[in-house]
Amino acid sequence: MRIGVLTGGGDCPGLNAVIRAIVRKGVKEYGYEFVGFRDGWKGPLENLTMQLDVQATRGILPRGGTILGSSRTNPYAIEGGSKKVIENLKALGIDALIAIGGEDTLGVASGLADEGVHVIGVPKTIDNDLSNTDYTFGFDTAINIAVEAIDRLHTTAESHHRALIVEVMGRHAGWIALHSGIAGGAACILIPEQKFSIEKVCQWVESRFKTNYAPIIVVAEGAMPIDGQMMTKDKSLDSFGHVKLSGIGDWLAQEIQKRTGKEARTTVLGHIQRGGTPTAFDRVLATRFGLHAITAVHEGDWGTMVGLHSTSIVRVPLKSAIEKIKTVDPALYKEAEIFFG
Ligand code: F6P
């Protein structure tokens, strides 16, 4: 059997661990041959391939990024795109394809599965917002990076009696903000799922200052004030129709400074959350996803995705992972609220 592998969407620590596990088990146990597709769906669309064998995957377990490259190319947004992908897969003699990606990449995989392509999905996103898996790899690394930043910001905030705002990733789901904010002892956590009152935020800020402790506010990039909208960089959209978010952290700093008279500054963590070496948790999860994905190929369980349910790796329909994103449960947010102010 000849199997194609691709990584699509925003990169995330652990992608290389998945690729390594797929290839190692695929070659060792099943004697499969692999083709690496470059840069997400751009690879099969434009026939961009690379050698993918045991040698190519040596030493990549702890490396961030993806040896295959990534992009946000959407074949369904291009006239005749999916047809071209199918033709190219046929011409290359590809029997099955493993797509490692988030909501968008797996959405394309699901569309191709409906068109008869033999596809298996592996969930990936630092945002942890894919349904039907308890966690995605990359998330643990991202929150550890954010917590380290918050710990550092605490000491400088105290020295200068400032309110410091940390803007983290998360367009529609506040998982990174919630977990890093809880672990980092934030004065408040603002997430896209719950619109916030700026008056309340200022009260929390002032109450932290009263105890001689400088507040750290953790905000997800997609968070919104009660009467406001998501803040965007410009009006441009990517090929999956996403806007570029930017500005909520700066807006908060201005408002806090204006309303409380305390100096407020913002740190935007941005792509630092996605780069570098994966944590041990993410390496193990990514490795297990890879091992189970190649077994799913071996068993011909097309149109499914591997996922984590409790401590077990299971297979779920691809569609069930992308129908709706997994947002923060209000009850979990309530738990965090105890520590606000
Ligand atoms: O989906 C992952 C993610 O990191 C989001 O949290 C973020 O909004 C987005 O990607 C940013 O993507 P990029 O800057 O690569 O376009």
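These exercises work through the pockets and the ligand site of a predicted model.

Residues are numbered from 1 along each chain as its sequence is written. Local features need pLDDT of at least 70, side-chain atom pairs count only at pLDDT 80 or more, and totals for chains, interfaces and linings use all residues, while side-chain values use heavy atoms, leaving out hydrogens and water.

**Exercise 1. Describe the largest pocket and its lining.**

Step 1. A pocket is an open set of points on a 1 Å grid over the protein atoms alone, where a 1.4 Å probe fits, with protein on both sides within 12 Å along at least five of seven lines; lining residues have an atom within 4 Å of a point.

Step 2. Take the volume, the space filled by probe spheres set on the points. For the largest pocket it is about 800 Å³.

Step 3. Find the centre. The lining has 38 residues, and Arg72, Met169, Arg171, Glu221 and Arg274 are the closest to the centre.

Step 4. Sort by class. There are 9 nonpolar, 15 polar and 14 charged residues. Gly counts as polar here.

Step 5. Assign elements, which are DSSP runs (helices H or I, at least four residues; strands E, at least two). α4 (103–114), β6 (163–168), β9 (232–237) and β10 (243–245) each give at least two lining residues.

Step 6. Assign domains. Domain 1 (2–137 + 278–322) and domain 2 (139–274) each contribute at least three residues to this lining.

**Exercise 2. Describe the second largest pocket.**

Step 1. Its volume is about 170 Å³.

Step 2. Residues lining the second largest pocket include Ile86, Leu89, Lys90, Gly116 and His118.

Step 3. α3 (81–91) and β4 (96–101) each supply at least two of the lining residues. The largest share, 3 residues, is from α3.

Step 4. By class, this lining holds 6 nonpolar, 2 polar and 3 charged residues.

**Exercise 3. Which residues surround the ligand, and which side chains lie at 2.8 Å, 2.7 Å and 2.9 Å from its oxygen atoms?**

Step 1. List the surroundings (a heavy atom within 4 Å). They are Arg72, Ile126, Asp127, Met169, Gly170, Arg171, Glu221, His271 and Arg274.

Step 2. Look for polar contacts (N or O atom pairs within 3.5 Å). Arg72 places a polar side-chain atom 2.8 Å from a ligand oxygen. For Asp127, the side-chain N or O atom is 2.7 Å from a ligand oxygen. For Arg274, the corresponding distance is 2.9 Å.

Step 3. Alone, the ligand exposes 400 Å², and the protein buries 76% of that.

Note on methods: Domain bounds come from an automatic or database domain assignment. A polar contact is a pair of N or O atoms within 3.5 Å; within protein, one must be able to donate a hydrogen and the other to accept it, and residues adjacent in sequence count only if both atoms are side-chain atoms. Accessible areas come from the Shrake-Rupley method with a 1.4 Å probe; for residues, only the protein chains shown count as cover.
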